[in-house]
Amino acid sequence: MTKRLFKLIFTVPHTSLEVCKQAVFSAGAGTFTEGKYSEVCFETKGKGQFIPGPGAEPAIGAVGKVVKAEETKVEVQCVGKEIVVAAVEKLKRAHPYEKVAYEVYAMEDV
């Protein structure tokens with residue numbers, strides 16, 4: 001039986017990029033073709049923006065002030081729902097932000 005494919009996309013400050021990538025890779029994300037390829041991802045550099053509100057505990061910046069941060073968007077394929085779930089759990093533990101910006105999409109093999 002063929003496992004479902006998922007795409008995990010997240011953004012992370014450049015300074016925490018390698019730690020977060022290793023966290024999701026350790027869960028099996030980025031490994032496919034029966035292990036012939038591993039730690040596969042795509043990275044795009046960019047700038048994120050947010051304003052921490054009352055009660056927030058931002059890793060960078062200050063409550064009520066616009067924060068612009070140099071970040072990397074990482075896209076990684078996950079084979080099987082159990083892999084993407086484990087990858088997200090590990091990402092949340094490794095990521096420096098209070099709220100991690102991530103997306104998960106089911107993929108179709110056509």
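Predicted model: local features only at pLDDT ≥ 70, side-chain atom pairs only at ≥ 80, totals over all residues.
## Aromatic pairs

A search covering the whole structure identifies 2 aromatic pairs. One of them joins Phe 32 and Tyr 37, whose rings are stacked, with a centre-to-centre distance of 6.0 Å and an angle of 20° between the planes. Both partners are partly exposed: the relative accessible area is 23% for Phe 32 and 48% for Tyr 37.

The rings of Phe 50 and Tyr 97 also pair, with centres 5.8 Å apart. Their planes meet at 65°, and because planes over 60 degrees apart count as edge-to-face, this pair is classed as edge-to-face. The pair links distant parts of the chain, its two residues being 47 residues apart. Phe 50 belongs to strand β2 (residues 42-50), whereas Tyr 97 lies in the loop between α2 (81-94) and β4 (102-107). The two residues also fall into separate accessibility classes: Phe 50, at 28% relative accessibility, is partly exposed, while Tyr 97, at 13%, is buried. Tyr 97 is assigned to the buried class because its value of 13% is under the 20% cut-off.

## Packing of helices α1 and α2

Two packed helices are described by the angle between their axes and the distance between the axes. For helix α1 (residues 17-26) and α2, the angle is about 155° and the axes are 8 Å apart. Since angles over 145 degrees count as roughly antiparallel, α1 and α2 are therefore roughly antiparallel to each other. Their crossing is right-handed.

On the α1 side, the contact is made by Val 19, Cys 20, Ala 23, Val 24 and Ser 26. These residues meet Ala 87, Lys 90, Leu 91 and Ala 94 of α2. By residue class, the contact of α1 with α2 comprises 7 nonpolar residues, 1 polar residue and 1 charged residue.

Arg 93 is located in helix α2. Its relative accessible area is 62%, and Arg 93 is therefore exposed, the cut-off for that class being over 50%.

Definitions and conventions. Residues numbered from 1 in each chain as written. Heavy atoms only, no water. Phe/Tyr/Trp six-rings, centres within 6.5 Å; stacked < 30°, edge-to-face > 60°. Buried < 20%, exposed > 50% of the residue type's maximum accessible area, 1.4 Å probe, protein only. Helix = DSSP H or I, 4+ residues; strand = E, 2+ residues; numbered from the N terminus. Axes fitted to C-alpha atoms, helices over the stretch in contact; angles between N-to-C directions. Parallel < 35°, antiparallel > 145°, perpendicular 65-115°, else oblique. Left-handed = near helix turned anticlockwise from the far one by under 90°. Contact = heavy atoms within 4.5 Å. Nonpolar A, V, L, I, M, F, W, Y, C, P; charged D, E, K, R; others polar.
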